[in-house]
Amino acid sequence: MNRIVHKVSCAIALLRSQYINFPDNPEEIRRTQLEFYRRAKFPRVVGAIDCTHIKLWQSPSGDTAERFRNRKGYYSLNVQAICNANLEVMDVVARYDGSTHDSRIFRESKRRALFEQGVYGDALLVGDSGYACTSYMMTPLHECYTPAEQLYNESQIRTRNPIGRFFGVWKRRFPIMALGLRVKLIRVFPIITATLVLNNIARRAGEEVPRGLEIILPAPWEEILAQDDIPNEYMDIPNPTQRRVKHQNRERQVLLTVILRDWLHRINNNTSVTSCNINML
């Protein structure tokens, strides 16, 4: 049975390039940005990023086995995903052990290198405080002192909400991702990729998340999903208050101004997404 599961998983995983794609041309990027913009009026966002842990029931063999033990004490892979506003995964990195920090996975990823090279123009990612704020990565403020900063945080949090929902939908659709894998490490990677491919196919087909499945759970779904959420603060910043917007952080300062202006415009004119709003993208 394990061999059959492995063969089928590998076959589906080979379809990754057809179903898991990051926007790579101006039309696709702008369409993705508009979908995010409609959520909370946060401009230029092309993806929401975060990491989740996939439990490994078998201890990885070798001298590096303990590297797979995460901060909650169980063996896992730390999987990075970037999704769009429709909860479709656009990019995934699933090769890091459970003790690896979220920021390191992104720092060593191909996607970051492409953003650094300016391949996506002025497009942005939104992430939590586990990432460093850069010209292409917008993170929440640790403290808010002005109405503009408060609006920025509210918009940023609502805009990155899809990545958390994506992890929940993915793991409810494929409970093995939440309950843990009981296979050898080498067979874990194609299973993860295959379930992501199938999840994207299901999302595009408009299929609802299965409910009422006859599965005996060791705990309520909320508790199971919470086990895989291991929050991280960005390690390279010793003082959290330094995360507040400063004049030299021009990218986030510009976004604060744009978001505040847009909110005031909508309040005064009671408008939604208009051609004026869209141009802010």
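Here is a walk through this predicted model, going from its sheet to the helices against it and then to its aromatic rings.

Let's start with the sheet. Five strands make up an open sheet, in the order S3-S2-S1-S4-S5, and the pairing is mixed. Strands in a sheet pair through backbone hydrogen bonds, and they can do so parallel or antiparallel. At the edges sit strand S3 (89-97) and S5, each of which pairs on one side only.

Helix H3 (residues 26-40) lies across strand S1 (45-55), strand S2 (76-83) and S3. Its direction is at about 75 degrees to S1. Helix H6 (residues 147-173) also packs on the sheet, and it touches S1, S2, S3, S4 and S5. The direction of H6 makes about 45 degrees with that of S1.

Next come the rings. How many aromatic pairs are there? The count comes to nine. Take Phe-106 and Tyr-131: their ring centres are 6.1 Å apart and their planes sit at 90 degrees, which is over the 60-degree cut-off, so this pair is edge-to-face. The two residues come from distant parts of the chain, 25 residues apart. Phe-106 belongs to helix H4 (residues 102-107), while Tyr-131 is in the loop between strand S4 (124-126) and strand S5 (137-138).

For another pair, look at Phe-166 and Phe-167. Their ring centres are 5.5 Å apart, and their planes are at 50 degrees, so the pair counts as tilted: stacked would need under 30 degrees and edge-to-face over 60. Phe-166 is buried, with a relative accessible area of 0%, and Phe-167 is buried as well, at 8%.

Lys-41 lies over the face of Tyr-37, at 5.8 Å from the ring centre. Lys-55 does likewise with Tyr-74, at 5.0 Å from the ring centre.

How values were computed
Residues are numbered from 1 along each chain as its sequence is written. This is a predicted model: local features need pLDDT of at least 70, side-chain atom pairs count only at pLDDT 80 or more; totals for chains, interfaces and linings use all residues. Side-chain values use heavy atoms; hydrogens and water are left out. Rings of Phe, Tyr and Trp (its six-membered ring) pair if their centres lie within 6.5 Å; planes under 30 degrees apart count as stacked, over 60 as edge-to-face and the rest as tilted. Helices (H or I, at least four residues) and strands (E, at least two) are DSSP runs, numbered from the N terminus. Buried means under 20% relative accessible area, exposed over 50%, partly exposed in between (1.4 Å probe, protein chains only). A charge sits over a ring if NZ of Lys or CZ of Arg is within 6 Å of the ring centre and within 35 degrees of the ring normal. Two strands pair if DSSP finds at least two bridges between them. Contact means heavy atoms within 4.5 Å. Axes are lines fitted to C-alpha atoms, for helices over the stretch in contact, and angles run from 0 to 180 degrees between N-to-C directions.
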